[in-house]
Amino acid sequence: MTDSPGRITGTAAALTLLASALTGCGLLAGSSDLEDALEYLPGDSTTVAFVHRAAVAERVGLEDLSTPASEEEMDQWVQSQLEEGYGTELANWVQVMQDAAFSDLDVVWEAVGSHPDRAPVRVWKLDDGIDVDEVADDLEDAGYERGEDGDVLTFEITLDQAEGSLYGDRYPAVLQRLALVPDERLVLSGDVELAIDVAEDDVDSLSDEGSLDDLLDHAADLDELEYAGLQLDPACGPAGGQVSPEVLEREYDGLAHPDAGLALFSAPDELLAVRSFDDEDTAAGDAEGLETWLAERAPATGFEADLDVRADGSTVLAEGSFDDDRRILATAWVQRGGPFSCPPAS
C-alpha cells in the first residue's frame, strides 16, 4: 500500500521520505479535490458520489455564507438549492444546524464511497474558517461521548439522547457516530470505524486501488468538477424493483450493460455521461441503441435533454448543456434513467 499526502502517516521520518518521493513524480502538487477525497474512501467502494459544495456556492454568489447564517441568508440559500441538481447530505439539515459548530454552509466538499455489502463511508471537508477544536467541544456539549483513535477524535451518542430528531437541539439524529481528523479538517460519518482505518492507512483507499482511474480519465478537468458520480459495478435495470425478463428486454432493447462502469461529470464547462464497456464493438452498438432510446423512449419516462451521443473506443459519451441539463442528468443518475439506462448484467 502506498502512503499519500492526504493520509495520516505514522512518523515524521516516513512523511519526509514520502514527500521527497512524491515530489519527484509530481503527485504532491496539482491534485484535485476529487483526487484528495479518494484518499479517504475505502478501496472496495463500487459507487462514489462527490459534491464540491464550495464551487457551487461560488457560482451562485453565496460563497460568503457560513454558520450561523441570518434568516435572509438562509432564504437565499434555499432559493439557490431549488435550482440545483446536487448537494451534500448536510443540506437536508442546514437550517436546524445553524446553532451547531458547523453545517452544510461550512463544507468544501463531500465524498461518499459505497459497497453493497457494507454501510457507506461519508467524508466532509471543512472550510478553513472553521475551528476544529470548537467543533469537538460543541459535539461534547451536545451530549456526544468523546474518544480518541490514534490522531482521530471520535464522537458517539445514543438515540435515546435525541430530543425529537436532534441531539442537543442542533445535530440531526442521523449523525449518531462521527470522527474528526483535525489536521486534515475532515468529518467522517457512516461506517466510521472503516473510515478511520482508511484515514490512518490501515485499509487501502480508492486512491491506492486506482480502480476509478479509467472512468476519471474521461473528465476534461477534475479541478473544475462540481459533481461526480461513478459506478464500477452498475446495478442497472429499473430503480423500482423486480420486473420480468420479458419487460427488461423490451424496456432496454438496443442497450448494452456497461460492464466497465458508469459516470457523470458536471462542471460549468462540461456535462458528460459515460458508459464504459470491455470492447469497442459493444460500445459502438450501445451508442446507436442509446441514440434511438433517448429519442423514442426516454421522453415517456420524463427525461428531456438534448444529448450528443458518440462512441469513443470502448466508451459511449453523452454530452449535454451544463446550464440546461445538469439537474436533469443528476436526477437521471439517481433514478438509473436517461443516458444511465441499461439492462442488468446477464
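Here is a walk through this predicted model, from its sheet to its disulfide and then to one residue in a loop.

Residues count from 1 along each chain as its sequence is written, and side-chain values use heavy atoms, with hydrogens and water left out. Because the model is predicted, local features need pLDDT of at least 70 and side-chain atom pairs count only at pLDDT 80 or more, while totals for chains, interfaces and linings use all residues.

Let's begin with the sheet. It is open and has 12 strands, in the order E4-E5-E8-E9-E3-E2-E1-E10-E11-E12-E14-E13, with antiparallel pairing. Its edge strands are E4 (145-149) and E13, each of which pairs on one side only. On average, neighbouring strands are turned by 15 degrees against each other, direction ignored. Strands here (E, at least two residues) and helices (H or I, at least four) are DSSP runs, numbered from the N terminus, and two strands count as paired if DSSP finds at least two bridges between them. In general, strands of a sheet pair through backbone hydrogen bonds, either parallel or antiparallel.

For a look at one pairing, take strand E12 (residues 270-276) and strand E14 (residues 315-319), which pair in the antiparallel sense over 5 bridges. Leucine 272 has glutamate 319 in E14 as its bridge partner. Helix H11 lies across E10, E11 (261-267) and E12, and runs at about 145 degrees to E11. Such axes are lines fitted to C-alpha atoms, for helices over the stretch in contact, with angles from 0 to 180 degrees between N-to-C directions.

Next comes the disulfide, meaning a pair of cysteine sulfur atoms within 2.5 Å. By this rule the count is 1, and it joins cysteine 236 to cysteine 342 with an S to S distance of 1.9 Å. The pair links distant parts of the chain, 106 residues apart: cysteine 236 sits in the loop between strand E10 (227-231) and helix H9 (245-251), and cysteine 342 in the segment after helix H11 (322-335). The link is left-handed, with -85 degrees about the S-S bond. Cysteine 236 is buried at 6% relative accessible area, and cysteine 342 is buried at 1%; buried means under 20%, exposed over 50%, and partly exposed in between (1.4 Å probe, protein chains only).

Finally, visit aspartate 306, in the loop between helix H10 (280-296) and strand E13 (308-312). Aspartate 306 is exposed, because its relative accessible area is 71%. Leaving aside neighbours within four places in sequence, aspartate 306 is in contact (heavy atoms within 4.5 Å) with Glu319, Gly320 and Asp325.
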